[in-house]
Amino acid sequence: MTKPLLVVSNLSKEFVTSKGRLRAVEDVSFEIAAGEAFGLVGESGSGKSTIGRLVLRLIASSGGQVRFDGQAIDALPERKLKPFRAQAQMVFQDPFASLNPRLRVRDIIGEALDTHAIAQDRRTERIGELLEMVGLQKAHADRFPHEFSGGQRQRIGIARALAVEPKLIIADEPVSALDVSVQAQIINLLQDLRARFGLALLFISHDLDIVELLCERVAVLYLGRVMEIGPTERVMRHPRHPYTRALLAASPKADPDGPKARRLIMGDIPSPLDPPSGCVFRTRCPQAQSLCAQERPLLRQEQEGHQFACHFDLAREGEI
Amino acid sequence: MMDIVTMSRNSMSQPSPIHLFFKRLFRRKLVFIATLVLGIIVLAAVLAPWVSPFKPDAIRMARRLKPPNDINWLGTDEFGRDILSRMIFGGRASLGIGAAVVLLSMSVGTVFGLLAGYVKGLDALIMRLADAMMALPDILLAIFLVAILGPSSGNVVLALSIVYAPRVVRVVRASTLVVSELPFVEAARALGVSTFRILRVHVLLNVASPILVQATFIFAYAVLAEAGLSFLGAGVPPEVPTWGTMIASGQQYADDSFWVVLFPGLAIVLAALSLQLIGDGLRDMLDPKLRKAL
């Protein structure tokens, strides 16, 4: 692997709430190489969006480290973050709330250019170029966000992120608020842009199919912890963690001849205010045993780059 | 093609935003009437030297305490001064003080409200201070402040602004808390946009409607409070005609000559009521949840 662009090591985030300490993210480590697409999957409440915000330092971490291009981002004072802000950008989930309703598209994208003093002498042209890059038209610059559909707004959000010419884009469920037909268009756009500009992508999603399509590597999160991480192909075809298997089994497949037996996991994700002892997944795990309540399983290597956090090796002990 | 069609339609037949704004606001008859009444009062005050039948301080002892008649339409006061003329000139001071209080309390309150809502470390400090001020009854606090500062129009404005600024702080803070959690503010932060610009462009623009509504209410409160202060002798000096000073100096004649206090009182009620109704109308119109029902 080439020198990684983003290195996240032992990242933790604890929120202090009125009901106690909420461990949203615990001991999460992963790397993203330049130009690589990395997926973060998990149920809602698994801490995947929090990780995105921690990486961009929109919120402060409680522990661990984020290094971007060799520089420790979480150690920098706010005023020294500006160069980093031009390198890593975010595309948000809700296309209706992620654009200021009072500003014209020209000013929304222009703000990105102005903040980093980019293309000031050809501002209007550059805004037009960016709009065309994401499949909109120059003339759209004079309109307000409410004049666009959800998919078009998401394109504007992508144009805003691209305006600073970043190396990394964090896409936080960028298509989950869109119609299925529009989802495909936005995914294709992200893929095109990634190929065209060599962008690295941190793709946060609960949709395994989209992650499989888009990402080279993937991490499966549960209750703020990494359950399994590795090349998408390996993780999806040969899942080693019972949670990954359950997730895969729960996602609908357009294959009438495929295996019918679904091992659905029961119940809801436990409260991160009071996580289970030992393995956090044990309360919903079909294979849980007494060891799981006592000891927290560490990530262990399955193959080069493929790790999982379970006491039991499903492959070696046969299908359970 | 589609775009050309929609754009030309927009530019040709769509009414201007200001036109639309008033069309929606006046859909309620009562709001329209209130605006009309307030408009007349404001116009009369602005054009006072031209529209008032007499000089407001022209004393004619021969015609003192005359009931409404064909010369002095609303009667005369204890010095024979024309009530209508004094009311028209009094509106200048009353409305002027109201407008000044709105301007001052709004600007101070908005700045502190934005800071309290957006800068975590300042929230508790600013809000406890605002709570402490709001715990005191408005008029008592105002009397106290005027007593310290001394009675003059400027000091009444200052005192009332201090009294009403915490209300603005509350409203602005609450809206700021909501808006600053929205993704477009997060997007601006991810871009490295300065806090000042985020507050000015992303937050302030989107909390403008509740601030506007609050402004009309504070205008009404300030007109009432100025009258109250002047009535109590803790406001504008009695020789300056305002609706409040007119009632204050006329009260001892009110038993036999009700018009001395009735008409200035009516002016206060009409102005305050119109402002409240306009404020209600604005609030209902700008609140998207109520917008459909209208």
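Predicted model: local features only at pLDDT ≥ 70, side-chain atom pairs only at ≥ 80, totals over all residues.

Biologist: In what order do the eight strands of the open sheet in chain A lie?

Modeller: The order is β6-β7-β8-β3-β9-β10-β12-β11 (chain A), with mixed pairing. At the edges lie β6 and β11 (300-303) of chain A, each of which pairs on one side only. Direction ignored, neighbouring strands are turned by 20 degrees against each other on average.

Biologist: In which sense do β3(A) and β9(A) pair?

Modeller: Strand β3 (residues 37-41) and strand β9 (residues 217-222) of chain A are paired in the parallel sense, over four bridges. Opposite L40(A) stands A219(A), a residue of β9(A).

Biologist: Which strands does helix α1 of chain A touch as it packs on the sheet?

Modeller: Helix α1 (residues 48-55) of chain A touches β3, β6, β7 (168-172), β8 (200-205) and β9 of chain A. Its direction makes about 150 degrees with that of β8(A). Another helix of chain A, α9 (residues 242-250), lies across β9 and β10 (225-231) of that chain and runs at about 100 degrees to β9(A).

Biologist: Let us turn to chain B. At what angle do helices α9 and α10 of chain B pack?

Modeller: The angle between α9 (residues 183-191) and α10 (residues 195-231) of chain B is about 155 degrees, and their axes are 10 Å apart. An angle over 145 degrees counts as roughly antiparallel, so α9(B) is roughly antiparallel to α10(B).

Biologist: Is the crossing of α9(B) and α10(B) left-handed or right-handed, and which residues meet there?

Modeller: The crossing of these two helices is right-handed. From α9(B), the residues F184(B), V185(B), A188(B) and R189(B) meet I198(B), H202(B) and V203(B) of α10(B). By class, this contact has five nonpolar residues, one polar and one charged.

Biologist: How is the size of an interface often given?

Modeller: Often it is given as the accessible area lost when the parts come together. Here we may describe the contact by its residues: 21 come from chain A and 14 from chain B. On the side of chain A that touches chain B, at least two residues each are supplied by α2 (82-85), β6 (88-91) and α3 (105-115) of chain A. The largest share, three residues, comes from α3(A).

Biologist: How do the residues on that side of chain A divide by class?

Modeller: They comprise 10 nonpolar, five polar and six charged residues.

Notes: Residues numbered from 1 in each chain as written. Chains lettered and ligands numbered in written order. Contact = placed C-beta atoms within 7 Å. Nonpolar A, V, L, I, M, F, W, Y, C, P; charged D, E, K, R; others polar. Axes fitted to C-alpha atoms, helices over the stretch in contact; angles between N-to-C directions. Parallel < 35°, antiparallel > 145°, perpendicular 65-115°, else oblique. Left-handed = near helix turned anticlockwise from the far one by under 90°. Pairing = 2+ DSSP bridges.
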